[in-house]
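I opened the notebook to go through this structure entry by entry. Each entry says what I looked up and what came back.

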Amino acid sequence: MPISDVFKEDIGIGGVLSLLWFQRRLPTYACKFMEMCLMVSADHGPAVSGAHNTIVTARAGKDLVSSLVSGLLTIGDRFGGALDGAAQMFSQAYDSGMIPMEFVNQMRKEGKLIAGIGHRVKSINNPDMRVVILRDYAKSNFPSTPLLDYALAVEKITTSKKPNLILNVDGVIATCFVDLLRYSGAFTNEEAQEYIDIGTLNGLFVLGRTIGNIGHYLDQKRLKQGLYRHPWDDIAYLPPDTNAS
């Protein structure tokens, strides 16, 4: 697609992503959803791993790219990398014909956490508005949302046990994106599965959080912050066990 047409047709960032990541034009609602994902994942404050590393590196006098990648390299299974895992976990359970209660019980039996479920602060009584916004948009605009519906059924079970075991922002992005890939009419089943398998969903988080981490870098430079030194009272030394053989 010529760059002149990109602007003439005003396809936006979502439309550009559809061309560069998927080599095709996606429906307007799909492009809008990708833009919403970038917006809700752009930042989550200075205390999380990625932002913290970016800030520390910026205050050490490093350049933008060095500071940015120091933050991005923290993204993985423990921080921010749950989208691919949630997509695969929920998809496999749904595709196998397992009802939500069976899925929850199996995960408990195997001692596994359900990717995309749970939040440290938000709960069923204090909902995460990012989740609400994305969920409601998908329900109102997507042709079909069977995997999202499945995840919401799982949430009903998990929150009955503990109120903070909600479908979190990773879970809602993951399940909605699978529904988009499978039911938008733009992909074959094989193509949809391939995009899940090769890490496309985590790409949304990486791209979104890049926006926020650049913001943290610029804040530190603008405020002319000096070298960061961690407070001693937050450091614990554990002496070696002298009784160990």
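**Entry: Gln220.** I started with the contacts of Gln220. Leaving aside neighbours within four places in sequence, Gln220 is in contact with Ile55, Ala58, Arg59 and Gln225. I placed Gln220 in helix α12. Is Gln220 buried or exposed? Its relative accessibility is 12%, so Gln220 counts as buried. I keep in mind that this is a predicted model.

**Entry: the chain overall.** I then stepped back to the fold. The secondary structure comes to 12 helices and 0 strands. Read along the sequence, the pattern is therefore α-α-α-α-α-α-α-α-α-α-α-α. I looked up the dimensions next. The C-alpha trace spans about 60 × 55 × 35 Å along its principal axes. The chain has 245 residues, and 45% of them count as buried. I also checked how far along the sequence the contacts reach. Among contacts with a separation of 6 or more, 75% are between residues 24 or more positions apart.

**Entry: the nonpolar core.** How many residues does the largest nonpolar core have? I found 59 residues in the largest nonpolar core. Phe33, Phe90, Phe103 and Ile173 have the most contacts inside this core. I took Ile173 from that group and listed its partners. With neighbours up to four places away set aside, Ile173 is in contact with Phe33, Cys37, Val40, Leu83, Leu134, Leu201 and Leu204.

**Entry: Ile196.** I found Ile196 in helix α11, which covers residues 189-197. Its relative accessible area is 0%, so Ile196 is buried. Which residues does Ile196 touch, not counting those up to four places away in sequence? I noted Asp84, Ala87, Gln88, Val178, Leu181 and Leu201. I then took one distance from Ile196. Arg209 is 13 residues from Ile196 in sequence, and their C-alpha atoms are 20 Å apart in space.

**Entry: Arg130.** Next I wanted a charged residue. Arg130 lies in helix α8, residues 129-141. Is Arg130 buried or exposed? I read 18% relative accessibility for Arg130, and the cut-off is under 20%, so Arg130 counts as buried. The side chain of Arg130 makes a polar contact of 2.8 Å with the side chain of Asp128. Beyond four places in sequence, Arg130 touches Val40, His44, His119 and Val169.

**Entry: the largest pocket.** I looked up the volume first. The largest pocket comes to about 1,200 Å³. Its lining has 38 residues. Which of them lie nearest the centre? I wrote down Ala82, Ile117, Gly118, Asn168 and Asp170. Five elements are listed as giving two or more residues to the lining: α6 (82-95), α7 (100-109), α9 (146-161), α10 (169-183) and α12 (200-222). Helix α6 gives the most, with 4 residues. I sorted the lining by type as well. It divides into 16 nonpolar, 13 polar and 9 charged residues.

**Entry: Ala153.** I went to helix α9 and picked out Ala153. Ala153 has a relative accessible area of 26%, so it is partly exposed. I also took a distance across the chain. Ala153 and Val56 are 97 residues apart along the chain, and their C-alpha atoms are separated by 41 Å.

**Entry: backbone angles.** I finished with phi values. Most residues other than glycine have a negative phi. Gln23 has a phi near 55 degrees and is not a glycine. I located Gln23 in the loop between α2 (12-22) and α3 (28-41). With 56% relative accessibility, Gln23 counts as exposed. Lys224 is not a glycine either, and its phi is about 55 degrees. Lys224 sits in the segment after α12. I read 72% relative accessibility for Lys224, so Lys224 counts as exposed.

Methods: Residues numbered from 1 in each chain as written. Predicted model: local features only at pLDDT ≥ 70, side-chain atom pairs only at ≥ 80, totals over all residues. Heavy atoms only, no water. 1 Å grid on protein atoms, 1.4 Å probe; cavity = no way out; pocket = protein on both sides within 12 Å on 5 of 7 lines; lining within 4 Å. Points joined across faces, edges and corners; volume = space filled by probe spheres on them. Nonpolar A, V, L, I, M, F, W, Y, C, P; charged D, E, K, R; others polar. Buried < 20%, exposed > 50% of the residue type's maximum accessible area, 1.4 Å probe, protein only. Contact = heavy atoms within 4.5 Å. Core = buried A, V, L, I, M, F, W, Y, C linked by side-chain atoms within 4.5 Å. Polar contact = N/O pair within 3.5 Å; in protein donor to acceptor, adjacent residues only side chain to side chain.
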